[in-house]
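Subject: Structure handover

Hello,

Here is the structure I promised to pass on. My notes follow below it.

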Amino acid sequence: MKILVTGGAGFIGSNFIHYMMEKHPDYRIICLDKLTYAGNLRNLESALNRENFRFIKGDICDRELVYKVFEEERPDIVVNFAAESHVDRSIEDPEIFLKTNIIGTQVLMDACRKYGIKRFHQVSTDEVYGDLPLDRPDLKFTEKSPLKPSSPYSASKASADLLVMAYHRTYELPVTISRCSNNYGPYQFPEKLIPLMIINAIHDRPLPVYGDGRNVRDWIHVKDHCEAIDLIIHEGKEGEIYNIGGENERSNIEVVKMILKELGKPESLIKFVKDRPGHDRRYALDITKMKEEFGWSPKISFEEGLRSTIKWYLENRNWWEEIINGEYMKYYEKMY
Ligand code: NAD
Ligand code: DAU
């Protein structure tokens with residue numbers, strides 16, 4: 001089996017490549033990644049010298065290059081992680097989000113049509129459904145919930161989902177979509193809540209909490225996400241959408257306090273800052289379909305997963321020090 005993983009040098013894509021290489025050592029994995037600010041070849045260090053792995057630096061919007069990759073490799077399955085993924089950046093400058101997340105997906109699917117594949121899997125997000133109110137804990141999004149994205153990022157992901165379903169209906173492209181909640185774990189870029197707070201706490205820097213800190217996210221360990229995608233690409237039904245959630249809703253302030261406690265740092269480091277424009281209040285996913293179809297449910301508890309993630313950041317300082325000393329620092333200084 002040959003799998004083309006786009007965006008495999010980023011957070012979830014690199015975890016997915018490691019997961020797949022261990023689970024299916026006989027598979028050939030090809031990673032196509034533009035190496036934007038969020039892509040890092042160090043995330044793939046242990047894969048790079050493996051015979052059944054190939055890294056290609058390139059843009060999924062580059063039709064000529066994408067067709068060349070398909071011509072040379074003839075993948076059976078394509079898993080599209082490549083995206084601009086950070087909501088705050090999409091609010092600052094939406095254009096690249098539309099290009100990569102929508103046009104890039106189209107180019108990949110055109111290549112799939114031209115060369116033929118067994119499955120095109122689109123890695124999507126719970127953010128396409130918009131948000132839920134805090135005072136209705138009984139409400140959760142199912143795969144049938146309407147799309148109501150709030151940010152340019154989530155609107156671009158929702159657009160791509162629509163395009164994927166249109167390619168299925170019109171061209172009978174064998175597609176699946178998964179919509180996952182907030183991931184955490186090793187190799188997450190330190191602009192996202194959990195690594196940002198861990199690193200700031202380690203440095204005794206203020207921890208910037210948006211608004212009142214009561215916004216709720218459903219956290220899932222990245223390894224549980226990878227396991228679910230592996231099941232869907234092999235056993236999922238064509239044309240189907242699957243919610244992948246952690247069944248682990250936490251307010252931001254609760255998460256931040258857990259991190260401070262684990263690191264033995266004072267809560268006085270918390271600093272409430274200006275809210276994110278259009279900030280989604282709460283995400284929650286109904287994952288009955290994943291449970292019933294595959295017997296899948298998330299295995300890693302948040303307490304255990306957060307502890308091991310904090311340990312990973314403590315033990316891999318040179319990984320994130322390189323990042324925060326570079327281009328990222330300019331972004332950070334602009335934001336906070
Ligand atoms: P990330 O920002 O860490 O990584 C994105 C990767 O895509 C990077 O390696 C980057 O270099 C690459 N990339 C960006 N533009 C590209 C292009 N034009 N061509 C080729 N490569 C390109 O993102 P992530 O957090 O790992 O998210 C991966 C996917 O999962 C995204 O599609 C995202 O929407 C989705 N998702 C993320 C989460 C989450 O909590 N992080 C949750 C649900 C879904
Ligand atoms: O739900 C899935 C989505 O989760 C993915 O599709 C996105 O790619 C991913 O970035 C993530 O989006 P969020 O906006 O939920 O993640 P982020 O880490 O940016 O923020 C999590 C919450 O923490 C959110 O309510 C905003 C808040 N926050 C974030 C940052 C960076 C803060 O309070 N302070 C911060 O400094």
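Helix 1 gives the most to the lining of the second largest pocket: 4 residues. Helices (H or I, at least four residues) and strands (E, at least two) are DSSP runs, numbered from the N terminus. A pocket is an open set of points on a 1 Å grid over the protein atoms alone, where a 1.4 Å probe fits, with protein on both sides within 12 Å along at least five of seven lines; lining residues have an atom within 4 Å of a point.

This is a predicted model: local features need pLDDT of at least 70, side-chain atom pairs count only at pLDDT 80 or more, and totals for chains, interfaces and linings use all residues. Residues are numbered from 1 along each chain as its sequence is written.

Back to the pocket. Helix 1 (11-23) and helix 8 each supply at least two lining residues. Among the lining residues are Asn15, Tyr19, Tyr187, His221 and Cys226.

Two strands pair if DSSP finds at least two bridges between them. Strand 9 (residues 216-221) pairs with strand 11 in the antiparallel sense, over 3 bridges. There, Val216 stands opposite Ser251 in strand 11.

Best wishes

Notes:
Chains are lettered from A and ligands numbered from 1 in the order in which they are written. Side-chain values use heavy atoms; hydrogens and water are left out.
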